[in-house]
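Please open the model beside this note and follow the points in order. Each one takes up a single place or theme.

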Amino acid sequence: MEQEINKWLSIIQTYLINDSSVSEIETNGTFSIFIRRKGIRTEIQSVFESLDEYVKATEELSDLISNGEDYRFLTEGKLDLGHKGSARVHIVWPPVSDLPLVTIAKKSTSLTTLEDIAASGSMSTKMMNFLKAAVDVKLNIVFSGSTGSGKTTFLEAMAKEIPSSVRIGVVEDSPELALIQQNVCYLKSSPWKPGRDLNEEVTLDWCVRQINRMRTDLLIIGETRGKEFKEFITASNSGMEGSMTTLHANSPKLALQKMTQFVMEAQPQPVRVINTSIANSIDLIVQLDKYANGEYKTVSIEAITETLGIDDAATIATSPLTQYNKSTKSWSDRFLLPDKMRVKLESHGYDCNTFVKAGTSPSTNNARNFFNR
C-alpha cells in the first residue's frame, strides 16, 4: 500500500511543489493526468501503470486528506504542501462516476498582498490605494469572478489590510483563508453529502448566524452560494461594516442578479425590497478574471448606488469606477465616485484623486485607526 500512496505523493511533489507554474492536477479515471501550467492544460500520459494502481492510490489520497472519514460519494479536504502552501482536493467516487475523479487546485502563495497583486500587473497602483482605503473606511465588498479567477487570493490579500485590533468572523465551506490577525473566529460548514444523515448538515447561513452572536467586528464569507447572503447583508448593515465575500459571476450585473436570487431563496419577498436592502448594504463589486494566457486581471470596480430602477425588477444601479481595456492593456481609472462614498473617504482624510491620506505615502496607506471614527 505504501507504493500506491507514494505514486500520488510523487505526482504532487513533481507538479505542485517543484513546479511553481503548475496550479492544478486533474484526472478523468484514465492512466493520464492533466496539469494546468500558466493557464494552459496539458495531458501527461501513462502516469499510472494500471487501473488498480490508480484506484488504490486515490483511496490512500482520500484517507490522507479526510483523516479516514468516509463520505462515500465525495471526499474534500486540504493538502499541506509545506513551504509551497496548500491545495484543495476534490474526489468524486462511484457510482456518481464510473471511476474516481480527482481535482487538486493549488492555492497561490506568490500573490499574498495587494502590493504583490499590483506588481503582477493585475491592477493599477491607484486601484490598490483605493482598495486599501475601502478597507480603512469599512466599505462592504463583494468579489465576483469565474472559477479560478483569483477571488480567494484577492480576498485574503484584502483581509491583510484589516488591523489586528479587529475581531473577525470567517465562514467557509472548505477552509482556505489563512488570516494573519490573532483575533479570528473560524467556522466551517458541513454541507450534506450523499450517504450522510440529513441531521448532520451544518449550513453556511447557520454558521453566519453564529458569527453574528460572537461579538465580531466584521464578517468574511469565503464564498457565497445561497441563503447565507441574506445573513451577510444583515451583518454588513447592522454593525459589521467592512465585511467581504466572494461569489461566482462573470460580470457585476450577473453578480447583482445572484445576490437578489440568494436573498429570495432565504426569504421570499418583493424584488424591490430585496434590492433596496442590497443597495443599502453593499458598497463595491470587484470583478476578477483570468485570461487564456494565464494573466489575472481586476477587470472592473463598480460602486453600488442607492438608486433603483422604476420597473418591477427594481434594478440596482452601479457606477463604474475603473475598467480594464483588453486592447490597450490599461485601466480607465476614472473613479467617478458616488457622492456618499466620496464624502466618506474625504472625511477620513483621503485625497480622492490618489486615495492616499494627507501626510502619508502609498506604502503606509493602511487602516491603523479602524475604530477611531
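1. Start with Ser46. Its relative accessibility is 60%, so Ser46 counts as exposed, the cut-off being over 50%. Ser46 sits in the loop that links strand 3 (40–44) to helix 2 (51–66). Look at its backbone too. Ser46 is not a glycine, yet its phi is positive, near 55°. Keep in mind that this is a predicted model.

2. Now turn to Asp333. Is Asp333 buried or exposed? Asp333 has a relative accessible area of 17%, so it is buried, the limit being under 20%. Its phi is near 50°, again a positive value in a residue other than glycine. Asp333 belongs to the loop between strand 15 (330–331) and helix 10 (339–347).

3. Stay in that loop for Pro338, which is also placed between strand 15 and helix 10. Leaving aside residues up to four places away in sequence, Pro338 touches Ala303, Thr305, Ser319 and Leu321.

4. Another proline deserves a look. The peptide bond from Pro94 to Pro95 is cis, and its omega is near 10°. Where does Pro95 lie? Pro95 is in the loop between strand 5 (86–92) and strand 6 (101–106).

5. Step back to the whole chain. The protein has ten helices and 17 strands. Its radius of gyration is 22 Å, close to the 21 Å that the globule rule gives for 373 residues, so the protein is as compact as a globular protein of that length. The C-alpha trace spans about 65 × 45 × 40 Å along its principal axes. Of the 373 residues, 51% count as buried.

6. Consider contacts and surface next. Take the contacts with a separation of 6 or more: 54% of them join residues 24 or more positions apart. The accessible surface is about 17300 Å², and carbon and sulfur atoms account for 49% of that area. As for charge, there are 41 positive and 46 negative side chains. The centres of these two sets lie 6 Å apart.

7. Go inside. Which residues touch the most other members of the largest nonpolar core? They are Phe130, Ile220, Leu284 and Leu345, in a core of 47 residues. Helix 4 (residues 125–136) gives this core its largest share, seven residues. There is also a second, separate core of 30 residues, with Leu219, Ile233, Leu308 and Ala314 among them.

8. Set aside residues up to four places away in sequence. Its contacts then include Phe130, Ala134, Leu139, Asn140, Ile141 and Val142. Leu284 also touches Ile301, Glu302, Ala303, Leu321 and Met341.

9. Helix 5 (residues 151–159) comes next. Eight of its nine residues are buried, so helix 5 is largely enclosed by the rest of the structure. The buried ones are Lys151, Thr153, Phe154, Leu155, Glu156, Ala157, Met158 and Ala159. Note that Lys151 and Glu156 are in that list.

10. Helix 6 (residues 204–211) is mostly covered, with six of its eight residues buried. These are Leu204, Asp205, Cys207, Val208, Gln210 and Ile211. What covers them? The cover includes strand 8 (168–172), strand 9 (184–188), strand 10 (218–221) and helix 7 (228–236).

11. Helix 9 (residues 271–281) has Ile274, Asn275, Ile278, Ala279 and Ser281 as buried residues. An α-helix has 3.6 residues a turn, so residues three or four places apart point the same way. Check the helix 9 list against that rule on screen. The buried residues of helix 9 pack against helix 7, helix 8 (252–266), strand 13 (296–308) and strand 14 (316–325).

12. Finish with Glu115, in helix 3 (residues 114–119). Glu115 is partly exposed, at 32% relative accessible area. Beyond residues up to four places away in sequence, Glu115 touches Met128, Lys132 and Glu161. Glu115 and Thr125 are ten residues apart in sequence, and the C-alpha to C-alpha distance is 8.3 Å.

Methods
Residues are numbered from 1 along each chain as its sequence is written. This is a predicted model: local features need pLDDT of at least 70, side-chain atom pairs count only at pLDDT 80 or more; totals for chains, interfaces and linings use all residues. Side-chain values use heavy atoms; hydrogens and water are left out. Helices (H or I, at least four residues) and strands (E, at least two) are DSSP runs, numbered from the N terminus. The radius of gyration is taken over C-alpha atoms; the globule rule is 2.2 Å times the number of residues to the power 0.38. Buried means under 20% relative accessible area, exposed over 50%, partly exposed in between (1.4 Å probe, protein chains only). Contact means heavy atoms within 4.5 Å. Accessible areas come from the Shrake-Rupley method with a 1.4 Å probe; for residues, only the protein chains shown count as cover. Lys and Arg count as positive and Asp and Glu as negative; His and the chain ends are not counted. The place of a charge is taken as NZ of Lys, CZ of Arg, CG of Asp or CD of Glu. A nonpolar core is a set of buried Ala, Val, Leu, Ile, Met, Phe, Trp, Tyr and Cys residues joined through side-chain atoms within 4.5 Å.
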